[in-house]
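Let us read one structure together, feature by feature.

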Amino acid sequence: MKILITGGAGFVGSHLVDACLERGLEAYCVDSLDAQIYERPPDYLNPEARYSFADLRHWQPAPWLEEIEAVAHLAALGGVARAGREPANVISANAGGTARLLELLTRHCPRLRRFVLVSSFSVYGSGYSYVAPSTGEELGADRRTEDLEAGRFEVYSPETGEIARIVPIREDAPPQPLEIYGASKYMQELCLRGFALCPATILRLSSVYGSRMRWHDSEATILGRIAGWLSEQRSPELLEDGRQIRDWVWAGDVVEATVKLLTGAQEAPPVINVCSGVPTHLDDACRQMAAALGVDISPALVGGYRPGDMRHCLGDATRLTSLLGRPPLSFRQGADKMFGA
Ligand SMILES: NC(=O)c1ccc[n+]([C@@H]2O[C@H](COP(=O)([O-])OP(=O)(O)OC[C@H]3O[C@@H](n4cnc5c(N)ncnc54)[C@H](O)[C@@H]3O)[C@@H](O)[C@H]2O)c1
């Protein structure tokens with residue numbers, strides 16, 4: 001079976017390429033080798049895959065496109081900060097690149113059976129909801145500046161004053177991206193409206209970890225920055241009180257879910273959260289990573305807050321669990337996989 005993987009030189013895409021080849025599938029990749037990420041093609045590129053180093057916006061497809069049976073679309077320019085600096089480029093690469101890919105597939109891919117779009121939790125933006133434990137009162141994710149200034153970092157019930165609990169976000173929550181990167185990922189999703197060539201599934205990824213993550217990149221996620229600090233024997237610097245909940249998913253689970261969709265004949269929901277569904281506090285994640293690395297370094301709570309930051313992020317992994325046939329790994333189970341090959 002011939003699979004097209006866009007973004008196949010990237011962190012997640014390269015693991016997907018390896019997994020497809022290990023399963024006897026033929027992997028074809030399109031990747032622009034974005035100059036802000038790479039000085040040269042990364043060493044881990046798989047010699048058994050076929051690469052077209054081109055930007056989707058201008059890609060002139062090769063004859064093999066006619067034989068492609070399934071597509072995993074991962075090509076995207078990432079990073080909230082970068083999207084703020086160059087919104088036109090990021091929107092055109094992510095949304096324009098997706099629109100052009102779908103146009104080419106419709107024109108050149110008569111055998112296409114499945115399309116998987118790899119999207120992001122960033123489309124949910126501030127759409128998280130909370131519940132007050134004693135009353136069941138439902139609350140939004142907003143926090144008051146006076147609470148934050150006073151070092152009260154949780155979401156509180158205005159009625160009882162108690163700390164509200166985050167409700168794991170489900171796929172039917174309305175997208176409310178807060179910034180340009182999230183907006184561009186939602187635009188990618190919207191590009192699928194009216195796409196009728198084959199069944200399409202949107203995978204919304206929480207934050208992914210695994211080998212080949214870029215720790216020292218200016219766009220590194222908090223987990224990547226923590227790994228970078230620890231590997232330099234420095235204490236990770238955490239804002240607020242370090243008790244923020246995050247939901248990290250192992251790249252191997254992302255890959256397995258994607259391969260199942262690409263190769264399986266079964267129907268799948270149109271949108272699937274790809275997350276662990278297990279709440280992990282930032283300071284605990286630091287300790288778990290330090291243990292995995294074998295270093296004795298504790299996080300430094302530097303206090304303060306960044307306006308607009310979400311207190312907690314947590315996904316509902318019910319659909320993913322049913323796709324995988326098992327629960328995804330929790331960060332506690334997978335922390336050491338950050339440092340593997
Ligand atoms: N890594 C995460 O934590 C995370 C979380 C949520 C969603 N995602 C999504 O998963 C996908 C893969 O993420 P990643 O972490 O592997 O990113 P990455 O930056 O490592 O890989 C993306 C690849 O896409 C390529 N690319 C970018 N724009 C392109 C274009 N217009 N044409 C061709 N190639 C292009 C880049 O050169 C890069 O190799 C992305 O769509 C991203 O939005 C990732």
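This is a predicted model: local features need pLDDT of at least 70, side-chain atom pairs count only at pLDDT 80 or more; totals for chains, interfaces and linings use all residues.

Q: How many residues does the largest nonpolar core have, and which have the most contacts inside it?

A: In soluble globular proteins, nonpolar side chains tend to be buried together. Here the largest nonpolar core has 92 residues. Those with the most contacts inside it are Ile 3, Ile 5, Ala 72, Val 116, Val 254, Val 274 and Met 289. Helix α7 (residues 251–263) gives the most to this core: seven residues. At least three core residues come from each of domain 1 and domain 2.

Q: Where do the domain bounds fall, and how far apart are the centres?

A: Domain 1 covers 2–126 + 169–214 + 247–276 + 317–328. Domain 2 covers 129–167. Their C-alpha centres lie 35 Å apart.

Q: Why is helix α5 described as largely enclosed by the rest of the structure?

A: Count the C-beta atoms around each residue; 20 or more others within 10 Å make it buried. Helix α5 (residues 180–190) has nine of its eleven residues buried, so the rest of the structure largely encloses it. The buried residues are Ile 180, Tyr 181, Gly 182, Ala 183, Ser 184, Lys 185, Tyr 186, Gln 188 and Glu 189.

Q: What covers the buried residues of α5?

A: The cover includes α2 (80–85), α3, β5 and β9 (200–205). Strand β5 is itself mostly covered, with six of its seven residues buried.

Q: Which way do β4 and β5 run, parallel or antiparallel?

A: Parallel. Four bridges join β4 (residues 70–73) to β5. His 73 has Leu 117 of β5 as its bridge partner. Strands β5 and β9 also run parallel, joined by six bridges. There, Phe 115 has Ala 200 of β9 as its bridge partner.

Q: How many residues surround the ligand, and which are the closest?

A: The ligand is surrounded by 30 residues. The closest are Gly 7, Gly 10, Val 12, Ala 76 and Ser 120. Elements giving two or more residues to this shell are α1 (11–22), α3 (87–108), β5 (114–120) and β10 (207–209). The largest share, three residues, comes from α1.

Note on methods:
Residues are numbered from 1 along each chain as its sequence is written. A residue is near a molecule or strand if its C-beta atom, placed from the backbone, lies within 6 Å of it. Domain bounds come from an automatic or database domain assignment. A nonpolar core is a set of buried Ala, Val, Leu, Ile, Met, Phe, Trp, Tyr and Cys residues joined through C-beta atoms within 7 Å. A residue is buried if 20 or more other C-beta atoms lie within 10 Å of its own, exposed if 12 or fewer, and partly exposed in between; C-beta atoms are placed from the backbone. Two residues are in contact if their C-beta atoms, placed from the backbone, lie within 7 Å. Two strands pair if DSSP finds at least two bridges between them.
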